[in-house]
Amino acid sequence: MTTKIEAFTTDTLMVQWSHLHQPDDKFGEDSANHNIAVIVDKPLQKSLDKLLKETGATKINGMRVDDNGNTILKAKSKTLVKKGEKTFPCRDASAAKTDALPFGGDTVRLRLAPVLLTRDGSMSLFLNGVQIIDKQSTGFDSTGGFEATDGYTNPVDTDPSDADNLPI
């Protein structure tokens, strides 16, 4: 049995890891989900502490401390996976739909839906939405992250059927 609590939107948070490009099925098809892990900042921690106090929850599931001492919150959603959606839909800073996905180092706002679990008194925060606020450069643009320099250049006019021009 669960008790749903009003969903809320976080302030801007730093992404540590995301699995929004396709369902994470590491633990099997039945547990497949989209998920994102963010670094918990002081304002979010304060909001979560208040939520724990107001609801009487014993803990928030999906929270841990990483090797650098950062508190990490992992939020997940199975809803779209059950509907057959491969990619979790995201919004850009103007709240318009985007095909972009957040990865480590990007900043996002999350729409989270708290649910109090009566089985053990804990609380889970389910992922309802992701808004990308700042997208870091991945280095995978048309130049691969490199600048032009002196040296070898690929001959673009080479006919691949011409055996004399093969690079081997």
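I looked up Lys74 and recorded it as partly exposed, because its relative accessibility is 34% (buried is under 20% relative accessible area, exposed over 50%, partly exposed in between, with a 1.4 Å probe and protein chains only). I place Lys74 in strand S6, residues 71–77 (strands are DSSP runs of E with at least two residues, helices runs of H or I with at least four).

I worked on a predicted model, in which local features need pLDDT of at least 70 and side-chain atom pairs count only at pLDDT 80 or more, while totals for chains, interfaces and linings use all residues. Residues are numbered from 1 along each chain as its sequence is written, and side-chain values use heavy atoms, without hydrogens and water.

I noted a surface patch of positive charge formed by Lys26, Arg64, Lys74, Lys76, Lys78 and Lys82 (patch residues have over 30% relative accessible area and no salt bridge, like charges being joined within 9 Å).

I then turned to salt bridges (a side-chain nitrogen of Lys or Arg within 4 Å of a carboxyl oxygen of Asp or Glu) and found three.

Asp106 pairs with Lys135, with the closest N and O atoms 2.8 Å apart. This pair links distant parts of the chain, 29 residues apart: Asp106 lies in the loop between strands S8 and S9, and Lys135 in the segment after strand S10.

Lys50 bridges to Glu54 at 3.9 Å between the closest N and O atoms. Both Lys50 and Glu54 are exposed. They are separated by about one helical turn, because they lie four residues apart in helix H1.

Terms used:
Patches are made of residues with over 30% relative accessible area and no salt bridge: like charges are joined within 9 Å, nonpolar side chains (Val, Leu, Ile, Met, Phe, Trp, Tyr) within 5 Å. Accessible areas come from the Shrake-Rupley method with a 1.4 Å probe; for residues, only the protein chains shown count as cover. Lys and Arg count as positive and Asp and Glu as negative; His and the chain ends are not counted. The place of a charge is taken as NZ of Lys, CZ of Arg, CG of Asp or CD of Glu.
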